[in-house]
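Biologist: Please show me the chain, and then let us go through the terms used for it and ask what each one rests on.

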Amino acid sequence: MKWSGYYKLDWQDRIQYLVENHVIDATQAKLMAENYSAVGDQQVENYLYNFGVPMGLLTDIEINGEHKSVPMATEEPSVIAAANNGARMLNQGDGVHAAFKQRLIRGQVIAINLDDTGAFQHYVQKHTAQLLAVANHAHPSMEARGGGAKDIVIEPLDEKTVAVDVLVDPCEAMGANVVNTMAEAVAQDLRSVGFEILMGILSNYATEALIEANVAIPVAALKTKQGMAGADVAQRVAQASYMEQLTPYRAVTANKGIMNGVEAVVLASGNDTRAVNAGMHAYAAESGQYKGLAQWTVSDDGQFLNGSIKMPLMLGVVGGSIGIVPAVQLNQQIMGNPDAQTLSAIVAGVALAQNLAALRALVSSGIQAGHMALQAKSLALQVGATVAEVPLLVAALEKSEQINQASAQALLANIRKEKR
Ligand code: MEV
């Protein structure tokens, strides 16, 4: 099968080509047609169809004094249930408080083969105002909005290499395009005076966009249905949180749980999940050891469980796919059309909710009980239960000793037998 020129075909011909070459059959082509999106066809090369991710709602989380409903896009059955559960506990105090100290994105312009790195650094220091003007001239609308290139930081890398980092306020955007344009303009300017510049590109390690979120929850809000007192849950959550500072094996899993919520909101809001992910994990290892991003401690008087998280988060509410994907606009509307700072505060709040729900479950009943109930639904669909059969099979699975594919198949067969 030859692929050359495939990208030049229009959508109909691309699908037809797959059918003719027996990659897919006519029924599958129909499925693709049903999930065709004209916007999608403009967004990516070799577009086939839109791959759906379930979208659910975190109904109520209090962030900076406002109650927000938050759409989340995820395929993992327990994520949105956990977010709602965590948020209910966060809301028992006065909600989450989250803010940035600064919100800047970094572009790196890398100079190589320098004979004298000191002289290069001196040149950059002397011409900082000019280089900032070059950056701003490359994207003037950002400066007009009160943003734009604000500062230049020099990063010596080795004896022949120096990065010139431009720090940019991207206003309501995430800033990737703006900062890449600016970095390339600065690179060109430095080349024009004889320096060898390897490249200019943004950094996704958003250390100048660290959001900090805090919450204080009355311990009574943490008591479990199985009878564990709130004060005990709080102590055990704090201990679990401390484990994330001791072992990276636990920290990675806890941060994965945080990313369950973070990615779901970042994706739903039309932002770049990979950029956020890469930055988060780098920051988690900032001290030299990979650690949990969130921390939970019990207040001295034992009355409150205090939670905090600090993480790099560069999100936008304009630019990229945000203005062109109708579902993203819908999701922004459900959140009350937040500005970039508010969206980031929401994400930080969801991170705390997600982490708390996981830790509370882990230190009390364990997560399998809740997970398996949710997994039962996926299992029912996997073994071919119809929409009408799913609730019956889930109920049967919940009563059964084992929740696995074999038991689901056997129980489904029983349900069908009884119906006959
Ligand atoms: C599962 O998706 C997430 C958890 O493993 C997170 C954690 O262990 O903290 C429950």
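What follows is a short exchange about those terms.

Modeller: Please keep in mind that this is a predicted model, with 16 helices and 10 strands in the chain.

Biologist: Why are H4 and H13 called roughly perpendicular to each other?

Modeller: Helix H4 (residues 79-90) and helix H13 (residues 340-363) pack at an angle of about 100 degrees, with their axes 7 Å apart. Angles from 65 to 115 degrees count as roughly perpendicular, and the two helices are therefore described in that way.

Biologist: How do you know that H4 meets H13, and which classes of residue take part?

Modeller: Contact requires heavy atoms within 4.5 Å, and the residues of H4 that meet H13 include Val79, Ala82, Met89 and Leu90, while those on the H13 side include Leu352, Leu356 and Arg360. By class, this contact has 10 nonpolar, 4 polar and 1 charged residues.

Biologist: What makes strand E3 and strand E9 edge strands?

Modeller: The open sheet has 4 strands in the order E3-E8-E10-E9, with antiparallel pairing, and E3 (97-100) and E9 (294-298) each pair on one side only.

Biologist: How do you know that E8 and E10 are paired?

Modeller: Pairing needs at least two bridges found by DSSP, and strand E8 (residues 210-218) and strand E10 (residues 304-312) have 9 in the antiparallel sense, with Leu210 standing opposite Pro312 in E10. Helix H9 (residues 230-246) lies across E9 and E10, running at about 140 degrees to E9.

Technical notes
Residues are numbered from 1 along each chain as its sequence is written. This is a predicted model: local features need pLDDT of at least 70, side-chain atom pairs count only at pLDDT 80 or more; totals for chains, interfaces and linings use all residues. Side-chain values use heavy atoms; hydrogens and water are left out. Axes are lines fitted to C-alpha atoms, for helices over the stretch in contact, and angles run from 0 to 180 degrees between N-to-C directions. Angles under 35 degrees count as roughly parallel, over 145 as roughly antiparallel, 65 to 115 as roughly perpendicular and the rest as oblique. Ala, Val, Leu, Ile, Met, Phe, Trp, Tyr, Cys and Pro count as nonpolar, Asp, Glu, Lys and Arg as charged, and the others, Gly among them, as polar.
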